[in-house]
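Please look over the sequence and the model below before reading on.

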Amino acid sequence: MRADQASWSFTIFSATQLGLMENSQIFFLRFFCSPKEQSFTVSYLVNSCGLSPESALSVSRKTKFETPERADSVLVLLRNYGCTDIHISKIVSKYPPLLTVDPQKTLLPKLEFFRSVGFSGPDIAGILSSNPNILKRGLESNLIPAYDFLRSVLMVNENVARVWRKTDWITVQSVQNTVTPNIAILKEIGVPMSNILFLITCHPTTVNLNREKFDTSVKKVIEMGFDPLKVTFLKAVVVIRGTEESIWKHKMEVYRKWGLTDDEIMSMFRLDPLCMRSSEKKIMSVMDFLVNKMGWKPAAVTRYPTVFLCSLEKKIIPWCSVVKVLQMKGLVKKDLSLPFLSRNKKDFFNSFVAKYEQDVPELLKLYQGKIDILDLGFVSEAIQEKKQL
């Protein structure tokens with residue numbers, strides 16, 4: 001039997017039998033991976049870093065080593081500075097070459113710096129697991145001056161950590177050429193410092209935009225009628241800065257499909273600019289559920305555009321189903337609007353589920369997504385009208 005035939009035959013065998021075996025990952029690695037496929041590296045990634053066999057095979061193409069000593073030292077350091085097995089799995093998946101760096105010369109000084117400025121173990125683990133590429137940055141040339149700048153603007157380590165979880169874009173050059181000038185633009189038009197902190201913390205790449213492009217985006221948002229004193233102004237800057245004209249036109253067309261006028265769409269954008277960042281699939285799915293299944297008017301949906309930022313499966317469907325049943329049973333007002341989605345989970349549960357569970361015993365299962373609203377025999381008036389037609 002040729003080697004390629006043997007490999008093919010084993011693949012079929014492993015696919016049908018692995019699920020029946022204990023320690024299937026080790027079995028898979030020992031027999032499926034040939035020396036040419038970096039079997040040692042793959043085995044190490046699975047057994048020491050917690051990657052799945054499939055992920056390990058993919059990651060092994062980006063880093064190779066034949067002995068465990070250096071990688072072991074890297075993992076020890078990461079654990080000593082707060083990283084758990086879950087963190088390590090994420091770090092290695094995103095930045096595989098880290099396992100081959102000199103731990104004492106390259107990694108330790110950066111970890112020690114994070115600790116010296118007051119980051120806790122969980123802070124360090126959170127930064128590295130979210131954005132391990134930050135470890136590619138030089139300590140003296142980048143990390144220290146970047147930290148000094150961020151701390152001077154954001155005031156507390158918690159905010160600095162939030163920025164570094166998202167990006168490692170801050171460099172000496174970017175501070176001088178883009179960040180500082182762009183902050184100055186915002187201050188000149190009266191944007192409160194608290195809102196500027198929001199922009200840097202939640203949308204750090206926006207403030208790193210080329211000064212001319214950033215200024216153009218700001219002026220366009222002003223022309224749209226946004227108030228620089230409100231945080232929605234900066235949300236609009238984020239959207240306008242990151243949306244090409246062709247994409248903007250397409251999103252407008254998607255909303256128009258539901259009978260919305262341009263004025264209604266722009267009104268929705270002014271209420272929550274981030275609604276224009278939702279994908280076409282998300283917009284269509286949310287509108288289909290709310291309009292066709294729940295019976296809400298499209299214009300009513302536009303009064304709460306934040307709905308397009310909510311999870312359809314985890315929040316919109318179960319919460320709206322609960323409220324719709326309560327409305328049809330006459331237990332809550334029929335004109336109750338979508339802002340109930342802004343309540344926190346505990347408040348919603350107490351106000352709409354626990355409070356009426358005696359009246360509608362199936363309400364908890366509906367809230368948990370275990371049953372559908374149609375399973376209860378409820379059909380919205382809008383759906384009933386369509387059926388009669």
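In which loop is Met 155 found? In this predicted model, Met 155 is found in the loop between α9, which covers residues 139–154, and α10, which covers residues 157–166. The phi angle of Met 155 is near 75°, which is a positive value in a residue other than glycine. With a relative accessibility of 54%, Met 155 counts as exposed, because the cut-off for that class is over 50%.

Helix α10 also holds Arg 162, and this residue counts as partly exposed, because its relative accessibility is 34%. When residues up to four places away in sequence are not counted, Arg 162 touches Thr 201 and Cys 202. The C-alpha atom of Arg 162 is separated by 8.9 Å from that of Gly 126, although these two residues lie 36 residues apart along the chain.

The two residues can be set side by side as follows.

Among the contacts with a separation of 6 or more, 67% are accounted for by residues 24 or more positions apart.

In soluble globular proteins, nonpolar side chains tend to be buried together. Here the largest nonpolar core has 121 residues, of which Trp 164, Leu 290 and Phe 340 touch the most other members. If its neighbours within four places in sequence are left aside, Trp 164 is in contact with several residues, including Phe 114, Phe 119, Ile 127, Leu 143, Tyr 147 and Leu 150.

How do helices α15 and α16 cross? The axes of α15, residues 245–256, and α16, residues 262–271, come within 10 Å and cross at roughly 115°, and the two helices are therefore roughly perpendicular to each other. Their crossing is right-handed. On the side of α15 the contact is made by Trp 248, Met 252, Tyr 255 and Arg 256, while α16 contributes Asp 262, Ile 265, Met 266, Met 268 and Phe 269. The residues of this contact divide into seven nonpolar, no polar and two charged.

Notes:
Residues numbered from 1 in each chain as written. Predicted model: local features only at pLDDT ≥ 70, side-chain atom pairs only at ≥ 80, totals over all residues. Heavy atoms only, no water. Core = buried A, V, L, I, M, F, W, Y, C linked by side-chain atoms within 4.5 Å. Buried < 20%, exposed > 50% of the residue type's maximum accessible area, 1.4 Å probe, protein only. Contact = heavy atoms within 4.5 Å. Axes fitted to C-alpha atoms, helices over the stretch in contact; angles between N-to-C directions. Helix = DSSP H or I, 4+ residues; strand = E, 2+ residues; numbered from the N terminus. Parallel < 35°, antiparallel > 145°, perpendicular 65-115°, else oblique. Left-handed = near helix turned anticlockwise from the far one by under 90°. Nonpolar A, V, L, I, M, F, W, Y, C, P; charged D, E, K, R; others polar.
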